[in-house]
Amino acid sequence: MLNLVLFGPPGAGKGTQSAKLIDKYHLVHLSTGDIFRANIKGGTELGVLAKSYIDKGQLVPDEVTIGMLADEVNKSADAKGFIFDGFPRTSAQAQALDNLLSEKGTAISMMLALEVEEEELKKRLLIRGKDSGRPDDQDPTIIQNRINVYNAETMPVKTFYEGQGKYHGINGIGEIEDIFNSLCEHIDRP
Ligand code: ADP
């Protein structure tokens with residue numbers, strides 16, 4: 001199986017590149033942000049809970065997120081592989097994902113990390129907020145909070161995969177197509 005973790009701060013371009021990667025490699029795309037937003041739209045209990053965190057720029061608690069992700073992985077028993085987008089975002093999530101995949105006799109193949117500096121992220125998120133209507137992309141205070149949470153809670157996930165020799169950093173600034181080609185070079189490298 002080809003199991004990719006697509007990593008990077010809010011606004012790094014994970015969603016854009018995921019769409020291109022699933023097209024090329026026929027992987028199942030699991031975006032925890034998208035799943036939460038679908039639940040919010042559907043008014044489910046999970047959605048109501050998630051919204052109370054997302055609107056403040058905080059992470060949804062690990063036990064909720066891990067349980068939801070595990071359910072989604074289990075729904076796709078015959079997948080060729082997965083692309084995890086926006087997950088894992090904490091060390092506890094990374095460990096839980098390792099355990100889940102190892103129960104299934106598989107593992108993460110690599111982490112591909114889109115590297116973009118903070119000022120560029122803030123610009124991109126505010127532009128996205130205008131187009132998408134996402135409330136968490138419209139308020140500079142909430143955006144700053146998400147970046148702070150990323151630096152404090154999510155950055156350690158990089159160390160987790162570095163320790164396994166699976167971390168690959170990719171410059172996330174430039175043309176979408178060039179960034180995509182860099183990602184593919186890492187994936188296709190024997
Ligand atoms: P972005 O990468 O732009 O922040 P996402 O769509 O991935 O956007 O996530 C939106 C929000 O959903 C996050 O700010 C967070 O509140 C919540 N969320 C998404 N993934 C996770 C996760 N793995 N753990 C906890 N919360 C998450």
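1. The model is predicted: local features need pLDDT of at least 70, side-chain atom pairs count only at pLDDT 80 or more, and totals for chains, interfaces and linings use all residues. Residues are numbered from 1 along each chain as its sequence is written, and side-chain values use heavy atoms, with hydrogens and water left out.

2. Leu121, Leu125 and Gly129 are the buried residues of α6 (buried: under 20% relative accessible area; exposed: over 50%; 1.4 Å probe, protein chains only). They cover an arc of only 75 degrees around the axis, which puts them on the same side of α6 (the arc is that of the directions from the helix axis to the C-beta atoms). The buried residues of α6 pack against α7 (140–163), with contact meaning heavy atoms within 4.5 Å. On the other side of α6, the exposed residues are Glu119, Lys123, Ile127, Lys130 and Asp131.

3. α6 also supplies at least two residues of the lining of the largest pocket, as do α1 (14–25), β2 (28–31), α2 (32–42), α7 and α8 (176–188). With five residues, α2 gives the most to this lining.

How values were computed:
Helix = DSSP H or I, 4+ residues; strand = E, 2+ residues; numbered from the N terminus.
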